[in-house]
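Here are some friendly notes to read alongside the model. Take the points one at a time, and keep the picture open as you go.

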Amino acid sequence: MIHENAWTTYSAGDLKKLEDLSADYIDFLNNGKTERECVKLLVEMAKENGYRDLADVIAKGEKLSKGDKVYAVNMGKMVMLVNVGEDIVNNGMNIIGAHIDSPRLDIKQNPLYESEELAYLDTHYYGGIKKYQFVTIPLALHGVVVKKDGTTVTINIGEKEGDPVFIISDLLVHLSAEQMKKTAATVIEGENLDILVGSKPLEGEEKDAVKAAIVKLLKDKYDIEEDDFVSAEIEAVPAGNAREAGFDRSMIVGYGHDDRSCSFTAAAAMMEVSDPKTTACGLFVDKEEIGSVGATGMESRFFEYMVRELLDRMGVCSEINLSRCLRNSRMLSSDVSMAFDPLYADKYEKKNSAKLGHGLSFKKYTGVRGKSGANDANAEYLALLRQMMDKHGVVYQTSELGKVDVGGGGTIAYILSLYGMQVVDCGVPILSMHSPWETLSKSDLYEAFKGYKAFLIEG
Ligand code: MN
Ligand code: MN
């Protein structure tokens, strides 16, 4: 069903499933605010559903065949799930790839300082953000501090009831005559995104006594030294839980819908598909928001190396079989779409925009300035997907990234297309993308789940 309001298509049974999925998704969002936390949740989910660690399979010299389910984790920030089907070389795989990193503020390596008896942590923002949206909202700190001896301290402050939160100040409006004349891009400078973390001096300390008190507290409470920030990855994210939104509770407001709404629904679909004919593969990658770079981003060879390991475990590993398997695969690059926002209607071309509540949104191409940088999906592939979606009663729509030449963006689609496989972008439409609190429709979440499941069953 194309270009319909999904809500008008539901039976009571559908609505029950939709609400259950939404509740599970809210849980996923609340417990997965960083890529590392998401990997943990995805691995837990996989283990509960009979997936085994590919590293163990390899270590024990075991073989893999149809019906086997394995996961492979890369550096704790990227994970691949595989449910083995028939003839992986000639059938290829049905791959759903989504990212689990979201825009945020990263704590710098040498972050702690005191100014006028206030202590701050300096940050470097990650991904595309409107910096002014990150001031005067409660922030939580999530991440890891790896000490010189190799032990890891996990940080999670600002989420539990009774936890303190952190805040970045903004100039009061009374003194903002000059600031208000600045453009939105510069009204909050990147170097001013410093998080206020303390104001109480350490007794008996003369110089930088507030900072000294924080250093002491970090030592007492977490057994970490100031220098340990050097080998830490701490992310400041909006504090608090995702919530149902609207009088009718039809929407969810949460941090990181981009791209956890697609990650979660892809994983949920993977868990529901048993004994697929074609091997099903879920890819959950890091670093998409900064260009898919790095060892845990889609551009790393981890995926390819793991496919080689799979072929090896099946006793069919060769260079030609690897290239055949990849070339014969199909992929859904599962990333969020921009939902048409009536308050900013002039930035969209309405009939080629995703509408909130109109289901899973397919983007044949993304890109900027004449589709530059886009993976332009093939018409033949889209025809196949239309067939699948209709067969399974999935409500879907098609969209572009706004009006021509207004802006644009990219996803991981182009990277997988390098293998010569069929790839198209699709995902959940989002309002206020990349803001601290993004909005989606529960019905789009549900249709994405249905669409991904149809893809894994039919492909
Ligand atoms: Mn995204
Ligand atoms: Mn994004």
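1. What is the order of the strands in the open sheet of nine strands? The order is E1-E2-E3-E13-E4-E14-E18-E16-E17, and the pairing is mixed. Helices (H or I, at least four residues) and strands (E, at least two) are DSSP runs, numbered from the N terminus, and two strands pair if DSSP finds at least two bridges between them. Strand E1 (52-53) and strand E17 (396-398) are the edge strands, each pairing on one side only.

2. Before going further, please keep in mind that this is a predicted model, where local features need pLDDT of at least 70, side-chain atom pairs count only at pLDDT 80 or more, and totals for chains, interfaces and linings use all residues. Residues are numbered from 1 along each chain as its sequence is written, chains are lettered from A and ligands numbered from 1 in the order in which they are written, and side-chain values use heavy atoms, with hydrogens and water left out.

3. Now look at strand E4 (93-99). Seven bridges join E4 to E13, and the two run parallel; in this pairing, Ala98 has Phe284 of E13 as its bridge partner. E4 also runs parallel to strand E14 (residues 330-334), with four bridges between them, and here Ile96 stands opposite Leu332. In a regular strand the side chains alternate between the two faces of the sheet. Both faces of E4 are covered: Met93, Ile95, Gly97 and His99 are buried on one side, and Asn94, Ile96 and Ala98 on the other. Buried means under 20% relative accessible area, exposed over 50%, and partly exposed in between (1.4 Å probe, protein chains only).

4. At the other end of the strand order, E16 (residues 360-363) and E17 pair in the parallel sense over three bridges. Phe362 stands opposite Thr398 in E17. Helix H8 (residues 302-313) packs on the sheet, touching strands E2, E3, E4 and E13, and its direction makes about 30° with that of E3. Such axes are lines fitted to C-alpha atoms, for helices over the stretch in contact, and angles run from 0 to 180 degrees between N-to-C directions.

5. Not counting residues up to four places away in sequence, Phe362 touches residues including Leu332, Leu385, Met389 and Tyr396, where contact means heavy atoms within 4.5 Å.

6. His99 in strand E4 and Asp335 in the loop between E14 and strand E15 (337-338) are 236 residues apart. His99 is buried, with a relative accessible area of 1%, and Asp335 also counts as buried at 6%.

7. There are eight aromatic pairs in the structure. The ring centres of Tyr10 and Tyr446 lie 5.6 Å apart with planes at 70°, so this pair is edge-to-face. Rings of Phe, Tyr and Trp (its six-membered ring) pair if their centres lie within 6.5 Å; planes under 30 degrees apart count as stacked, over 60 as edge-to-face and the rest as tilted. Tyr10 sits in the segment before helix H1 (12-31) and Tyr446 in helix H12 (residues 442-458), so the pair ties together parts 436 residues apart in sequence. Trp7, Tyr10 and Tyr446 form one aromatic cluster.

8. Finally, an open sheet of six strands has antiparallel pairing and the order E8-E7-E10-E5-E6-E9. Strands E8 (152-157) and E9 (195-198) stand at its edges with a single partner strand each, so one side of each has no neighbour in the sheet. From one strand to the next, the twist averages 30°. Helix H6 (residues 209-222) lies across E5, E6, E8 and E9, running at about 125° to E5.
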